[in-house]
Amino acid sequence: MVVPLQQAGAGAGRITAQDGRWWRRCGRAVPGRTSRTWDAPTPCSEWTVRDLVNHLVSEHSWAPHILARESMEQVGDRYDGDLVGSDPVGAWERAAAKSRAAWETADLAGTARFSFGEAPLTEYADQMLVDLTVHGWDLARATGQDETFDPAAVERSLAYARANVGRWDGLGIVAPPVPTTSDDPGEQLVCLTGREFRTAGRG
């Protein structure tokens, strides 16, 4: 869930989670219904592919409520636990469609209520873009698919990550940064969000 952090700088590219490209790119990395990779580990060390898709379903099930300015109490615990059941693909497609529709019509000028209090919806949009960008890579890496990042999404997400990495410490939302000397923005983003980019067999 969203936490009170700092928005990316204005020069980081004015793209947001309202752009449907990010749903499509992340969705392409979700394995097919007959895939044997649902129990495979992901770069999120405590989650399998199925667990990660369940997390995405939860995040995007929440989005329409948050954008409608509903309170945490109004939503309650309906999106806790297993949300994907026997059809993770269908669960993702349904949650993503509702989330995308809500974002496409959302007015981001105001604020919404979160567990810690109120925060700008533009902040929430930045966090959701990072979530889609990084977790799309997680799924691609875990299932052997194309890991290529969208340059605009990486630029915005990396600016956000750099602005907030110091605030993430101790919150439990990402692992500590992994050192890298790479000048590749995608690798920098992956490492800054606590993931190992290079593994055995990769350059």
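Select helix H2 (residues 49-67) and helix H5 (residues 121-143) in this predicted model. Their axes come within 11 Å and cross at roughly 160 degrees. Angles over 145 degrees count as roughly antiparallel, so H2 and H5 are roughly antiparallel to each other. The crossing of this pair is left-handed.

Next, show the side chains where H2 and H5 touch. On H2, select Val49, Leu52, Val53, His55, Leu56, Glu59, His60, Trp62, Ala63, Ile66 and Leu67. On H5, the partners are Leu121, Tyr124, Met128, Asp131, Leu132, His135, Asp138, Leu139, Ala142 and Thr143. Coloured by class, the contact of H2 with H5 shows 14 nonpolar, 4 polar and 3 charged residues.

The crossing of H2 and H4 is left-handed.

Which residues of H2 meet H4? Select Arg50, Val53, Leu56, Val57, His60, Ser61, Ala63, Pro64 and Leu67. Facing them in H4 are Pro88, Ala91, Trp92, Ala95, Lys98, Ser99, Ala102 and Trp103. The contact of H2 with H4 has 12 nonpolar, 3 polar and 2 charged residues.

Finally, colour the chain by pLDDT. The mean for the protein chain is 83, and 84% of its residues reach 70 or more. Select residues 1-15, where pLDDT stays under 50. For this stretch the model has 50 contacts beyond four places in sequence. Where pLDDT is low, the predicted coordinates should not be read in detail.

Conventions
Residues numbered from 1 in each chain as written. Predicted model: local features only at pLDDT ≥ 70, side-chain atom pairs only at ≥ 80, totals over all residues. Heavy atoms only, no water. Axes fitted to C-alpha atoms, helices over the stretch in contact; angles between N-to-C directions. Helix = DSSP H or I, 4+ residues; strand = E, 2+ residues; numbered from the N terminus. Parallel < 35°, antiparallel > 145°, perpendicular 65-115°, else oblique. Left-handed = near helix turned anticlockwise from the far one by under 90°. Contact = heavy atoms within 4.5 Å. Nonpolar A, V, L, I, M, F, W, Y, C, P; charged D, E, K, R; others polar. pLDDT = per-residue confidence, 0-100.
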